[in-house]
Amino acid sequence: MPVDLSKAHPDRRRVNRDAAAGVRQDGMYSREIEMKRNRGEISCAECRRLKIKCDKQIPCQSCQRRGCASLCPNGSLATGQGTRFVIAATEHLHRRIARMSDRIRQLEDALALLYATTSKEPHPLLCEKAVINVDSETADDKLHESEDEGAGEVTRALGTLSVSDHGFSRFFGSTGGSDLLLLDNDEAAGSPSQKTETSDSSKGSHLPPQLQRFSYAFPFTPMGPIKDTMALIRTYLPPWEQAVTMAESYLETATWVFRSVTRHQLVNEMLPAIYGKQLAYAPDDYSGPHDLALLFSIFALGSVLDVSLPTGTAEAEGEHYNQLALAALCLQPVLEKPSLVTIQTLHIASIYNAMLGNDVSGGESSMEFTWSLVNLAAHLAQTIGLHRDPAQWETNPKIVQRRRMVFWDLVIADSWHSLSTGRPPAFNRDFIDCRFPQAVDVPTTLDPGDSGSLHVWVFRFSFEGVAEIIARTLTAVPPRYSTIKDLDRRIREFAPPAQALDALRGGPGVDPRSLPLSASMLLFQLSNIQDIILLSLHRNFFVQALIEEPDDPIRSQYAPSFLATVRASKNILQSVQDQLQIQRVIVCRFWTIWTYTFTSAVVFAFIATRGPRSSLANEAMIELDRGCALIGEAAKDNRRAAKALVILKRMREKARRAITAARSSPSHTQTDTRMWGVKQEEIDDEFTVFAGRTKV
């Protein structure tokens with residue numbers, strides 16, 4: 001007889017439900033389920049909620065695809081509409097956060113500029129968190145699209161190409177406006193004392209014609225007796241005590257920013273080997289002509305940066321040793337037989353030339369020759385494989401460390417020169433796998449440097465920050481304005497390690513004047529390095545904002561770039577003023593400091609000249625006067641600053657005439673600067689050059 005299920009089924013079903021309810025109320029059962037999920041024995045909680053297949057991995061593939069891997073295996077989203085596809089929601093939130101961050105930064109910049117006109121202290125709200133209302137995603141997307149469409153004319157700026165009557169040409173890209181302004185005023189002479197020092201410097205070497213022939217033939221090797229010439233060059237080596245003094249001067253005043261030659265290589269290897277001093281160990285072979293050239297280049301830079309020497313004496317000694325370095329370089333073919341020492345010599349020679357020039361250029365600081373030396377060193381570095389990590393074939397930690405240090409120091413020079421001239425870099429990041437060097441001179445392992453150290457951060461900033469801006473803004477395809485704002489955010493977030501900065505400052509309450517020169521200058525460099533990058537990034541759009549809304553640039557669609565440029569320029573002038581009081585001599589002799597000081601002052605000159613009715617005009621004149629005062633102080637000891645001072649004084653006079661005429665004019669709608677005593681074409685021409693607009 002068949003079983004009657006109609007009676008048994010309801011009872012059994014009720015018993016099972018009651019039993020299950022009792023079990024679920026038991027905490028032991030819940031913990032057991034969690035343990036099984038942790039061991040991957042059963043499906044994760046989120047897959048069970050969605051009733052989908054789980055591979056029982058931690059995290060499972062399903063949770064990873066949906067963007068909730070952090071919940072796996074025991075967590076789950078709340079049940080409701082839209083929780084099946086989490087990734088789309090997170091991307092939306094990230095976009096909205098980015099837009100909110102941009103808006104907050106714009107408001108902070110505007111508030112800081114407005115409050116600075118009434119108080120020297122920062123506004124209290126700049127240190128507190130703020131909550132803002134964000135428009136809908138559709139409206140913001142339309143705003144970004146309109147910005148990108150309007151930015152076409154600005155981002156398509158090709159730069160300036162100058163062609164002389166004899167066919168000599170020179171190109172500066174969209175970020176090379178400052179160097180081009182200085183180049184266009186080569187006829188502007190410095191102070192009378194500088195002219196005298198230049199003349200003395202050009203007469204300081206007194207080398208025989210045989211050595212001058214080799215020096216002027218760089219980078220080629222002329223016909224002549226190589227051995228006799230090298231023997232003659234060695235006779236010009238200074239006494240041992242003087243050599244040690246110049247080497248120590250170089251290590252103290254230059255290695256905080258130029259790191260390719262370390263103390264161990266210079267003091268423990270090169271000097272004893274070339275001077276024949278007794279060593280406790282066998283050094284590398286420093287008997288070649290390029291080894292001698294490297295030592296003379298260090299002597300040249302060490303003399304120029306010697307704070308104990310008067311400027312005229314330092315320049316004369318520096319030019320003497322620079323000529324000897326170039327002559328020694330030409331004794332061995334530079335292009336055919338390069339070595340690691342050759343790369344080091346070319347890099348240091350580029351630094352010296354950027355500061356003082358040489359006899360061939362009439363003592364003029366030629367940035368073109370510096371650019372050529374850096375590019376030559378970069379191409380030869382690829383010839384000897386510096387861009388590939390040496391630990392893959394080299395087992396000596398000292399050689400691995402030296403090759404890494406020379407390469408990354410050259411990458412820094414290549415990136416910054418590319419940014420300042422608007423020209424493409426020599427190194428392609430896709431072909432580089434060389435790892436960062438360690439912070440010690442003599443490492444004992446092949447390990448790379450600590451990524452969290454300040455030492456490595458400087459290399460990373462040039463490689464991931466400066467080089468990224470170059471790759472996305474100086475290409476043939478113009479960038480979108482949204483790209484500019486994205487790069488701005490990335491640079492601001494690329495901050496130096498806080499603990500390393502605190503250690504460099506020596507702790508709380510330490511007087512900055514008591515810090516060693518290298519630590520003081522490194523802190524100064526890090527204090528404005530982000531502002532310098534932002535100044536180059538936003539320069540074109542700053543000019544466009546002034547063109548569109550000269551009386552109120554904040555109303556322009558490029559107001560973020562205008563505010564970022566003004567704030568960065570003000571920070572740079574303030575940091576230079578502070579550091580000039582601490583390390584006056586060394587600050588005055590470094591040319592890069594005054595290039596960016598000049599750029600910052602030009603920003604305020606344009607604000608006052610182009611928008612004399614603007615609410616920022618008076619504040620701009622104050623900052624312009626401060627920039628002129630700073631560069632005027634440096635012009636006593638720096639030729640590049642002397643040249644910049646002539647240009648700034650002319651711009652300041654135009655700005656004063658424009659503001660005076662604007663105040664006396666009854667019309668508040670007149671924007672023709674001819675009514676202000678300044679020709680429109682003069683301003684437009686300087687604007688075009690500074691902004692890197694297309695011009696021949």
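The structure is a predicted model. Its protein chain averages a pLDDT of 79, and 75% of the residues score at least 70. Helix α18 runs over residues 397-421, and 24 of its 25 residues are buried.

**Helix α18: length and ends**
- Helix α18 has 25 residues, so at 1.5 Å a residue it should span 36 Å.
- At the start of α18, N396 brings a side-chain oxygen to within 3.0 Å of the backbone nitrogen of K398.
- Just after α18 comes G422, with a positive phi of about 75°.

**H417 within the helix**
- H417 sits in helix α18.
- Its relative accessibility is 11%, under the 20% cut-off, so H417 counts as buried.
- Beyond its neighbours within four places in sequence, H417 is in contact with M367, T370, W371 and V374.
- In an α-helix there are 3.6 residues a turn, so residues three or four places apart point the same way.

**Where to read with care**
- Over residues 7-24, pLDDT stays under 50. The model has three contacts beyond four places in sequence for this stretch.
- Over residues 187-204, pLDDT also stays under 50. For these residues the model has 30 contacts beyond four places in sequence.
- Where pLDDT is low, the predicted coordinates should not be read in detail.

Notes:
Residues numbered from 1 in each chain as written. Predicted model: local features only at pLDDT ≥ 70, side-chain atom pairs only at ≥ 80, totals over all residues. Heavy atoms only, no water. Helix = DSSP H or I, 4+ residues; strand = E, 2+ residues; numbered from the N terminus. Expected span 1.5 Å × (residues − 1). Buried < 20%, exposed > 50% of the residue type's maximum accessible area, 1.4 Å probe, protein only. Polar contact = N/O pair within 3.5 Å; in protein donor to acceptor, adjacent residues only side chain to side chain. pLDDT = per-residue confidence, 0-100. Contact = heavy atoms within 4.5 Å.
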